[in-house]
Amino acid sequence: MTDNRENALAYAHKNKDNFLHELKEVLRIPSISTNSENKADMLHTAEWLTEKLRGLGMENVEIFPTAKHPVVYADWLHAENAPTVLIYGHYDVQPVDPLDLWESPPFEPTQRGDSLHARGASDMKGQVVAVIKAIESIVENGDLPVNIKFMIEGEEEIGSPSLVDFMEAHKDMLAADFCLNPDAGIMDKKLPSITYALRGLAYFEIRVYGPSHDLHSGLYGGAVANPANALMTLIAGMKDENGRITLPGFYDKVRPLDDEERVELARLPMKDDFYLEATGSSALWGEKSYSAVERTGARPTLDVNGMLAGFTGEGAKTVLPAKAMAKISMRLVPDQTPDEVYEQLKQYMEENAPKGVTWDIKVEHGGHPSISERDGVGVRAMAKAFENVWGVVPLFTRGGGSIPVVAEMQNILGIESVLTGFGLPDDRIHSPNEKQDLPTWYRGIDALIHFFYNLS
Ligand code: BES
Ligand code: MN
């Protein structure tokens, strides 16, 4: 190779301990975007990032305030005749509850074997730091073969509510050839992968109200509708015996899988065994005539995330509750939209709610699904980088999770994203004992060094 990548890789290998030390530093800041009491920690994390970005020699380093949490921006645009990469990241994390299930405190990063445990280690401070350290390894050797822009937000885990306005307002500043988005992980530590589709999300709270107050279930049970029963019946009716969702028009915009893609998905190593082991469930369940890979990647779902009604304390209390609540989310696939799904849910409730109860729906958040290009310069450079480090050709896969910014970047900035990362399916993201696999993280830094050189 004629470029400087061997020197950059040598720097990365020499500085492994320093890199890990800095990752631990940022993992100690409890940047939970949904908690108002962590507001100062959010700013503190943004400031930590700007310091690191300045240290890389980035220019125009700035913290942009938004209605909630700030966006960090930085750029370096001095590579001639080379592409401009917009690097996306998020520095916010999910809440840590239930706290008592953590084996070590969520914001005291702790190594056990090959794993570094902490909230955000995998999703996604680990990935943001990997990119920063790859670029550091390159610039420390005196060059940078591509133009770089960073956009690191603090609201991804709450649905990125400020990012659309931010991107609309800064189209020129954010203009790029493509985006590198390392928030999607890879399939297995031995099987690097690039994600070409993500599901969208529509999240609601449904409340059902019945009698004006809680009732004695003997005196009045049988005389009036019980809102808890009514809500459960309504939810049960949202799927039929084949696991298909019954909301009116729900599948109208769902793009069917073509035969070619089904053959391709069937070749992925994720068979039923994988899902049984990963979930700890005794059997798989889902929409008839589709494999688990298809159901999680290319088909929509509807799930209860939580529910609350009546007496839930110790023992028994004979009561007919006055109200009931459920949190329900749908994962969406192209070309469904969260707005249309809201209308479908409303229509279903109007048509099916029994007499004697009233209801309302609160919209929590939504995000559009996306399908990304598979043959752009960015994807090719990343695929080559995985070959450089892992020695194998990466797999192409659909991801079941949601990263709303991917579709918004297509719409607002007109750019595609390269979706990958160095998180693994068993990292327990959003759960107690989240971890990052460190050998994969170091390999990831090497792969990113190759990626930037492969682009030049
Ligand atoms: N990094 C995840 C999404 C992800 C995980 C994509 C694994 C592909 C593979 C992201 O941080 C996330 O959790 N997103 C939320 C989005 C929501 C809050 C709008 C999700 O999917 O629940
Ligand atoms: Mn997440």
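Ser289 counts as exposed because its relative accessible area is 61%; here exposed means over 50% relative accessible area, buried under 20%, and partly exposed in between, with a 1.4 Å probe and protein chains only. This is a predicted model, in which local features need pLDDT of at least 70, side-chain atom pairs count only at pLDDT 80 or more, and totals for chains, interfaces and linings use all residues. Residues are numbered from 1 along each chain as its sequence is written, chains are lettered from A and ligands numbered from 1 in the order in which they are written, and side-chain values use heavy atoms, with hydrogens and water left out.

**Backbone features**

- Ser289 has a phi near 75°, a positive value in a residue other than glycine.
- Ser289 sits in the loop between helix H9 (272-279) and helix H10 (292-297); helices (H or I, at least four residues) and strands (E, at least two) are DSSP runs, numbered from the N terminus.
- Ser160 also has a positive phi, near 50°, and is a residue other than glycine.
- Ser160 belongs to the loop between S6 and H5, and it is buried, with a relative accessible area of 8%.
- The peptide bond from Asp97 to Pro98 is cis, with omega near 0°, and Pro98 is in the loop between strand S3 (84-90) and strand S4 (110-112).
- Asp123 and Met124 are joined by a cis peptide bond with omega about -15°, and Met124 is in the loop between S5 and H4.

**The manganese site**

- Asp123 (OD), Glu157 (OE), Glu157 (OE) and His430 (NE2) coordinate the manganese ion (ligand 2) at 2.0 to 2.6 Å.
- Donors are N, O and S atoms within 2.8 Å of the metal (3.2 Å for Na, K and Ca); water is not among the atoms, so sites may look incomplete.
- The arrangement around the manganese ion (ligand 2) is irregular because its six donor atoms subtend angles of 54 to 155°.
- Four donors count as tetrahedral if all angles lie between 85 and 135 degrees; four count as square planar and six as octahedral if opposite donors are over 155 degrees apart and all others between 65 and 115; anything else is irregular.
- Along the chain, the donors of the manganese ion (ligand 2) follow the spacing D-x33-E-x272-H.
- Glu157 is in the loop between strand S6 (147-153) and helix H5 (163-169), and His430 is in the loop between strand S17 (417-419) and strand S18 (435-437), so the pair ties together parts that are 273 residues apart in sequence.
- Glu157 counts as buried at 11% relative accessibility, whereas His430 counts as partly exposed at 39%.

**Salt bridges**

- Side chains of opposite charge can pair when their charged atoms come close.
- A salt bridge is a side-chain nitrogen of Lys or Arg within 4 Å of a carboxyl oxygen of Asp or Glu, and the count by this rule is 23 salt bridges.
- Arg119 and Glu434 form a salt bridge, with their closest N and O atoms 2.8 Å apart.
- This pair links distant parts of the chain, 315 residues apart: Arg119 is in the loop between strand S5 (115-117) and helix H4 (125-139), and Glu434 is in the loop between S17 and S18.
- Arg119 is buried, with a relative accessible area of 1%, and Glu434 counts as buried at 1% relative accessibility.
- Lys189 and Asp437 meet through their side chains in a salt bridge (3.7 Å, N to O).
- Lys189 is in the loop between strand S7 (178-181) and strand S8 (193-198) and Asp437 is in strand S18, so the pair ties together parts that are 248 residues apart in sequence.
- Lys189 is partly exposed, with a relative accessible area of 37%, while Asp437 counts as buried at 4% relative accessibility.
- Glu205, Arg207, Lys327, Asp360, Lys362 and Glu364 are joined into one network by salt bridges that share partners.

**Surface patch**

- Leu219, Tyr220 and Val224 form a nonpolar patch on the surface, with about 310 Å² of accessible area together.
- Patches are made of residues with over 30% relative accessible area and no salt bridge: like charges are joined within 9 Å, nonpolar side chains (Val, Leu, Ile, Met, Phe, Trp, Tyr) within 5 Å.
- Accessible areas come from the Shrake-Rupley method with a 1.4 Å probe; for residues, only the protein chains shown count as cover.
- Val224 is in the loop between strand S10 (215-216) and helix H7 (227-236), and it counts as partly exposed at 42% relative accessibility.
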